[in-house]
Amino acid sequence: MGLKVKLAAALIAMVAGAPILGAQAQQMMAPVVNNSVYQPSYSAWDGFYIGAQGSLIGMKSHEVNTVIAAPPATEQLLGDIGGSAGVFAGYRMQLTDWFVLGVDAELNNVATQFEYNGGNYGALKWDTAVRATLGYPVANNVLAYGTVGYSWGRFDMSPQLGAGSEFTAGGFQLGLGVDMLVTQNVMARLNATWTHYGVNTVPGPAGRTSEPSNAVIRAGLAWKF
C-alpha cells in the first residue's frame, strides 16, 4: 500500500512540473526571427537633402540664319566654357541593399556665353532641372548613380541679334554621379550631365533657329536630414 502511494505521488509531481520544464526548455531554444523583429541595416541613404554647388559648363549651340557672319554664311557653331553656382535638393529611398531610388532638382545662376571668333554672341542666363536617380551603394557611405531628367534654360542672344531675342528652351538630360556621406548628415557630391535643348525658334526675323546643348561637371555639399 505504501509503495502505491509513493508511485501515485511521484506521478502527480511529474504532471504538475511538466509546464515548468516545458517553459525552461523553450527559453533554452534559439529565438525565432520574423519580420516584426528583423530590421535591415541598409537605410543610410533614406531621407531628404539640400545643398549648394558649383559647376563647370561647356556650352555649344548650332545657330541657323543668325547673321553672325557676313553673307553668304547662314549657320555657325558657337561654343564656350563657363561656370555656374546654385542650389539642389532631393529625396532618396533605399529599397534594398543594392538599390536606391530618388528624385533630385536644382536651380543655377549661369555665367557663360556663346563665342565665335572671340566675340560674344549670346549666353545661358540660368537653368533648372528635375531628374530621377537610380543608385548603387558601392560602400556603406558611397553611392554611385545614374540620372535621367528634364532641364530648362534661359538663353539671351541679344549681344548679336538685339533686344527681344531671348527665349526659354527645355530638353532631356542624362548624367552620372557619386555621392559620399562625410558624416551622418553631411554629404559631398560630384556628378556630370549632358543636356540637349532641341531646335528653338529665336524671336525676331523668321528663319532664325538655335540648337543649344551643354556638358556640366558639378561639385557640391549638402545637409542630409
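User: Why is N191 called buried?
Analyst: The cut-off for buried is under 20% relative accessible area. N191 has 7% relative accessibility, so N191 counts as buried. This residue lies in strand β7, residues 186-196.

User: What makes the pair N191 and Y145 a polar contact?
Analyst: A polar contact needs a pair of N or O atoms within 3.5 Å. The side chains of N191 and Y145 make such a contact at 3.4 Å, so the distance meets the cut-off.

User: Which residues is N191 in contact with, leaving aside neighbours within four places in sequence?
Analyst: They are Y145, L176, G177, V216, I217 and R218.

User: Why is Q173 described as buried?
Analyst: Its relative accessible area is 3%, and the limit for buried is under 20%. Q173 is therefore buried. Q173 is found in strand β6, residues 166-181, and among the residues it touches are E106, Y150 and W194.

User: Which side chain does a polar contact join to that of Q173?
Analyst: That of T195, at 3.0 Å; the cut-off is 3.5 Å.

User: Where in the protein is confidence lowest, and where highest?
Analyst: Helix α1, residues 2-28, is lowest with a mean pLDDT of 48, and β7 is highest at 98. Over residues 7-13 the pLDDT is below 50, and that stretch has zero contacts in the model beyond near neighbours in sequence. Where pLDDT is low, the predicted coordinates should not be read in detail. The protein averages 83, with 78% of the residues scoring at least 70.

Terms used:
Residues are numbered from 1 along each chain as its sequence is written. This is a predicted model: local features need pLDDT of at least 70, side-chain atom pairs count only at pLDDT 80 or more; totals for chains, interfaces and linings use all residues. Side-chain values use heavy atoms; hydrogens and water are left out. Helices (H or I, at least four residues) and strands (E, at least two) are DSSP runs, numbered from the N terminus. Buried means under 20% relative accessible area, exposed over 50%, partly exposed in between (1.4 Å probe, protein chains only). Contact means heavy atoms within 4.5 Å. A polar contact is a pair of N or O atoms within 3.5 Å; within protein, one must be able to donate a hydrogen and the other to accept it, and residues adjacent in sequence count only if both atoms are side-chain atoms. pLDDT is the predictor's confidence in each residue, from 0 to 100.
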